[in-house]
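Good morning, and thank you for coming.

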Amino acid sequence: MMAQQEIIIAGFGGQGILSAGRLLAYAGMLDNKHVSWLPSYGPEMRGGTANCHVTISDEPVGSPILNSSTALVVMNGPSLDKFESMVVSGGMIITDSSLVERDIKRADIDLFEIPATKIASDMGNLTYANIILLGKLIARTNVVSKENFEEALKKVLPEKKHYMIPEEMKALELGMNY
Amino acid sequence: MATVFKRPHALIDVPLHYCPGCTHGIVHRLIAEVIDELGIEGKTVGISPVGCTYNNYDYFNCDMVQAAHGRAPAVGTGVKRVNPDNIVFTYQGDGDLAAIGTAEIVHAATRGENITTIFVNNAIYGMTSGQMAPTTLMNQVTTTSPYGRKPEIHGFPIKVCEMLSTLDGAVFVERVSTHDIKNIMSAKKAIKKAFQVQMANKGFAIVEVLSACPTNWGLNPLEALKWIQDNMVPFYPLGNFKGKDLEV
Amino acid sequence: MGEKLLMKGNEVIAEAAIRAGCRHYFGYPITPQTEIAHYMAKKMPEVDGTFVQAESEIAAINMVYGAASAGARVLTSSSSPGISLKQEGISYIAGAELPAVVVNIVRCGPGLGGILPAQCDYFQAVKGGGHGDYKMVVLAPCSVQELYEMTVEAFNISDKYRILTMIMGDGILGQMMEAVEFKDKEDIISPDKNWATTGTQMKREHNVVTSIFINPEVLENHNHKLQEKYALITENEIKVETYNCENADIIVAAFGTVARIIKNVIKMAEKEGIKVGLIRPITLWPFPERAFQKYADVPKAFLTVELNAGQMLEDVKLAVNGKKPVHFYGRMGGMLPTQQEILDKIKDILK
């Protein structure tokens, strides 16, 4: 991977935006990288817009606030509107094409459109959509290892939800291979 | 020769600074006698208020913490939560407890904070020279109600015991007076019980003591005591509001 | 060192306080610091500690006053509007010389303002806020690891000098997650608190905790004593990070989160052949004047960057003492400066 990955994940509150970022950061830390995770915070708890900035780097992280990003993961249209221009030239955008209806304007980035919500729905659990998108991100950037992503799931999920981890990993692989 | 009357050990042997006829001295003595009788001086921590008795830490022999105006119940909460074996009492006047410190007293009471509050109600601000208090009676003249307390301008007096006795956390609530010997004896009984309630870990206890402020009432000491009887007692009925039969 | 964990800044403050021996927390909810209260509410019962959700910030700080009087290590936390309410208690704590720790996760003002990050409470923290001639130690960490280390240190400093220590962060620092490594055991330095009001046990004279001294001679002496203590702290406890300052074309002064943005700017500037230095005050009070004096002859100018209208700027100017121009760049209202904006400002100054 490149020396520093700057990732913005954005969508509606309740889509697991913040926890997707947290998983990524945790896995990065387990990969012995320097990491930071910064959420948008505010009155929106559910249904409002949510985003987080994740930095995973070989060096200590300077500012945790991103002015540009190497990768953007978006799970709704408004988030694409807001963050599309922040992606660096040559960077990547991964969209949940089940929910993002419009085409992107940028031609200088790699685009991956994955109907993550549809796939998750077919799996029987909508909450896997964010993991499916992360799968593609990990496959294309190697930002974190698959093994440490699984390890991160164990650290982040409460014990009583550990039974979900095999399904989560299956979702990750579906995304990686989409 | 047997000693039949002496200064309680819990009261330091210094002259009190209160005005002639002021009943703070009586209330101090009652508290000190109760502390002696219960043998709790070594573990008692008192919280001094703002007002005429701001420096009662110079009078009580137990450890004392001086609090900001109205905040004694919050300060007492802090002390008690750190050392639950301490016996913590707050000593507060009517401006302190029922105006600036209303939130603190209501919430200490409703939390059932295991502390004892001695609330001295003399219907006026003493230290700052006779302003209207939240407990000032209707038509009472003060330096900030020079034409008398009027409901359309000043609103109505707060009946603290009646208000606090609606709260589940307040387990012992009683109003007493200092205007004659009989009432002073009743006051001591109530204060003693309020400390015993705390010793038994039962919850929040408060004793409201109707008191005289002859200086700011513009009366002589005897007239002041009569003024309590004639004006305060009818509006602030004496007696137990809660916890009379509480086992302690 | 123990295991590396990924934790939120606010949670790390709470965990660090518990590790430092704090068993009493009193607070009132306000964004963006409420995770501290959540963490305390959950953890305090596990360590036989006390969590009280007070009826107000005023009550919370006065509970702190009481708990500190009783000799405990005690914490409260809030954000700007709540810290304004606490000023009464802060002044009394200063007057009564009680050790206590207050966290301010600053948001933008004035008034209710907004909930986004700011540094607009600098003056309030270092110049007063409450009434009277007093100071408190103000620590400004810039990472989650520093939040941990400085929270522990705050308790040690408070106990050592019988002073209130404030940890001043901002919404970013409180909300962000980074790796943190806790030590297996903290260095807890706490002198005997023989002044505490724990009950005489009939074995000593009574202790009195008070901030009122009606006699003017006594009160003046008390103030002299406080000032001597503040001088001692200024002598012993200043902390500052200087970075890239040798031969710098310009030195930027910034604290907390902003200092991290500056580190990115330093890299960007390097590529354009500009050498930017950074002086990051870690103690905002006592202020690291000497660091500025040491480098005052080096750069062409100083630039102070803050999330406010120019507050630390005044202390930087006092420290530089006219030797070099001191410029300012700030954003307010929860807006953050981009690295490019700051670089443009630097280029403009050096033109």
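I begin with one pair of residues: Glu3(C) forms a salt bridge with Lys155(A), and their closest N and O atoms are 2.7 Å apart. By salt bridge I mean a side-chain nitrogen of Lys or Arg within 4 Å of a carboxyl oxygen of Asp or Glu.

Some conventions are needed before I go on. This is a predicted model, in which local features need pLDDT of at least 70 and side-chain atom pairs count only at pLDDT 80 or more, while totals for chains, interfaces and linings use all residues. Residues are numbered from 1 along each chain as its sequence is written, chains are lettered from A and ligands numbered from 1 in the order in which they are written, and side-chain values use heavy atoms, with hydrogens and water left out.

Let me stay with chains C and A. Two salt bridges are counted between them. There are also seven residue pairs in polar contact, both residues being at pLDDT 80 or more. A polar contact is a pair of N or O atoms within 3.5 Å; within protein, one must be able to donate a hydrogen and the other to accept it, and residues adjacent in sequence count only if both atoms are side-chain atoms.

Which elements of chain C give two or more residues to the side that touches chain A? They are strand S1 (4-8), helix H8 (171-175), strand S8 (177-181) and helix H10 (257-271) of chain C. Helices (H or I, at least four residues) and strands (E, at least two) are DSSP runs, numbered from the N terminus. H10(C) gives the most to this side, with five residues.

In total, the contact takes 25 residues from chain C and 20 residues from chain A, where contact means heavy atoms within 4.5 Å. The area buried between the two chains is about 1900 Å², and carbon and sulfur atoms give 63% of it. Buried area here is the accessible area (1.4 Å probe) that two parts lose on being put together, summed over both. Leu6(C), Met177(C) and Arg260(C) supply 30% of the area that chain C buries against chain A, more than any other three residues.

I turn now to the other contact. Of the two pairs of chains in contact, chains B and C share the most contacts. Chain A and chain B, by comparison, do not touch, and their nearest C-alpha atoms are 27 Å apart.

Chains B and C bury about 2500 Å² between them, 60% of it on carbon and sulfur atoms, and each of the two gives 33 residues to the contact. Three salt bridges are counted here. One of them joins Asp63(B) to Arg204(C), with the closest N and O atoms 2.8 Å apart. On chain B, the elements that give two or more residues to the side touching chain C are strand S1 (44-48), strand S2 (63-66), helix H2 (72-82) and helix H4 (102-110). H2(B) provides the largest share of that side, seven residues.

What does Thr210(C) touch, leaving aside its neighbours within four places in sequence? It is in contact with Tyr57(B), Gln66(B), Tyr65(C), Gly95(C) and Ala96(C). Thr210(C) lies in the loop between strand S9 (208-209) and helix H9 (216-236) of chain C. With a relative accessible area of 11%, Thr210(C) is buried; buried means under 20% relative accessible area, exposed over 50%, and partly exposed in between (1.4 Å probe, protein chains only). A polar atom of the Thr210(C) side chain lies 3.1 Å from the backbone nitrogen of Ile212(C).

A loop residue in chain B may be set beside it. Asn56(B) lies in the loop between S1 and S2 of chain B, and it counts as buried because its relative accessibility is 0%. Not counting residues up to four places away in sequence, Asn56(B) touches Tyr18(B), His28(B), Ser48(B), Pro49(B), Met64(B) and Tyr91(B).

In helix H5 (residues 146-156), the buried residues are Asn148(A), Phe149(A), Ala152(A), Leu153(A) and Val156(A). They cover an arc of only 155 degrees around the axis, so they are on the same side of H5(A); the arc is that of the directions from the helix axis to the C-beta atoms. These buried residues pack against helix H1 (17-30), helix H4 (129-141) and helix H6 (165-177) of chain A.
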